[in-house]
Amino acid sequence: MKAFALEGTDTPAALVTVPKPEVGEADVLVAVRAASVNGFDVYQANGFLLGMMEHTLPTVIGRDFAGVVEAVGPGVSEFAAGDEVFGFIPSTPPLKSGAFAEYVAGGPELVLAAKPADLDFHDAAALPLAGSAALDLLEAIDGHAGDVVLIVGATGGVGTLAVQLATQRGLAVVATARPDEEAFIRDLGATDAIDYSAGGVADAIRSRYPDGVAALIDLVDQKDALAELAAVVREGGHVATLLGAADVDQLATRRVIGHNVNAAPSADKLRLLGELAASGALRVPIQGVYSIDQAGDALQAFQQGTRGKLVVRLGAGEG
């Protein structure tokens with residue numbers, strides 16, 4: 001089958017041919033229609049994770065996917081051939097299976113949910129990791145209706161979903177965005193926008209919100225920059241990041257609660273996200289769609305920053 005995979009330790013991932021997965025006793029075999037790009041994929045495709053996590057080469061890139069079940073093992077009762085599904089491949093070493101391939105197979109370790117009929121494959125493929133991360137970040141900050149929440153990195157894949165999910169919970173979202181992105185982010189539900197390209201985001205927040213904000217969700221900054229922004233969070237508030245950048249002990253001296261969140265997709269989260277997206281309550285902004293032959297271009301585009309998600313289409317999803 002066609003796949004975008006890492007074949008060696010000295011070259012980046014490329015389009016190759018690898019064997020089609022076999023179906024074990026408890027496995028589900030999915031013909032992939034679409035996959036989406038995440039930061040993890042960029043690092044893995046360039047070989048940056050080879051010294052950090054065990055790989056079985058060739059290692060197919062990609063975590064998120066949507067497609068149609070082609071076959072199931074005799075021990076599987078939840079899914080059947082013909083079911084439309086979407087899912088997530090956990091990054092558990094040794095890394096081998098990935099979503100940038102014509103087929104994905106896995107057993108209980110595969111996070112899988114039925115795709116709502118009204119949700120297209122591209123949108124479904126864009127949801128698992130980014131949507132789960134957004135849900136987990138919002139759970140961490142424990143927001144209440146009316147709370148002001150600053151979201152840094154609001155225009156990316158996780159941020160665009162977090163803005164919408166926060167708004168649905170009654171939170172007032174202040175989003176960082178360039179002037180040309182302000183209309184986009186307000187359309188997703190943000191009540192205010194701060195131009196990060198001009199610098200001085202913390203000062204702008206202090207000027208507009210002198211009592212501070214209830215929470216900060218930072219999807220961009222490393223430790224020092226995050227600490228500067230965290231100073232605008234009022235006592236008793238929360239700071240959450242996906243980058244492991246929150247100095248929990250230091251924040252605690254200011255009576256601010258820090259959270260280093262590791263996104264954890266689950267079937268329940270996927271079902272919730274799928275229902276919201278299918279109903280129109282959650283929009284899935286997709287900036288670009290690439291064929292599997294253009295997977296390398298999709299990874300390069302991701303590194304330049306996106307408004308929402310990038311999708312790789314495969315099989316019947318092409319065209």
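Against which strands and helices do the buried residues of helix 9 pack? They pack against strand 6 (84–88), strand 8 (111–114), helix 3 (128–141) and helix 4 (157–168). The model is predicted: local features need pLDDT of at least 70, side-chain atom pairs count only at pLDDT 80 or more, and totals for chains, interfaces and linings use all residues. Residues are numbered from 1 along each chain as its sequence is written, and side-chain values use heavy atoms, leaving out hydrogens and water.

**Helix 9**

- Buried residues (under 20% relative accessible area, 1.4 Å probe, protein chains only) of helix 9 are Leu 270, Leu 273, Gly 274, Leu 276 and Ala 277.
- Seen down the helix axis, these buried residues fall within an arc of 165° (taken from the directions from the axis to the C-beta atoms), so they line one face of helix 9.
- The face turned away from the buried side carries Asp 268, Glu 275 and Ser 279, which are exposed (over 50%).
- Gly 280 follows helix 9 and has a positive phi, near 90°.

- An open sheet is formed by 6 strands in the order 11-10-9-12-13-14, with parallel pairing; strands pair if DSSP finds at least two bridges between them.
- Strand 11 (192–194) and strand 14 (257–260) are the edge strands, each pairing on one side only.
- Strand 10 (residues 172–176) pairs with strand 11 over 3 bridges in the parallel sense, and Val 174 stands opposite Asp 192 of strand 11.
- Helix 6 (residues 201–208) packs on the sheet, touching strand 9 (148–152), strand 10, strand 11 and strand 12 (213–218), where contact means heavy atoms within 4.5 Å.

Technical notes
Helix = DSSP H or I, 4+ residues; strand = E, 2+ residues; numbered from the N terminus. Axes fitted to C-alpha atoms, helices over the stretch in contact; angles between N-to-C directions.
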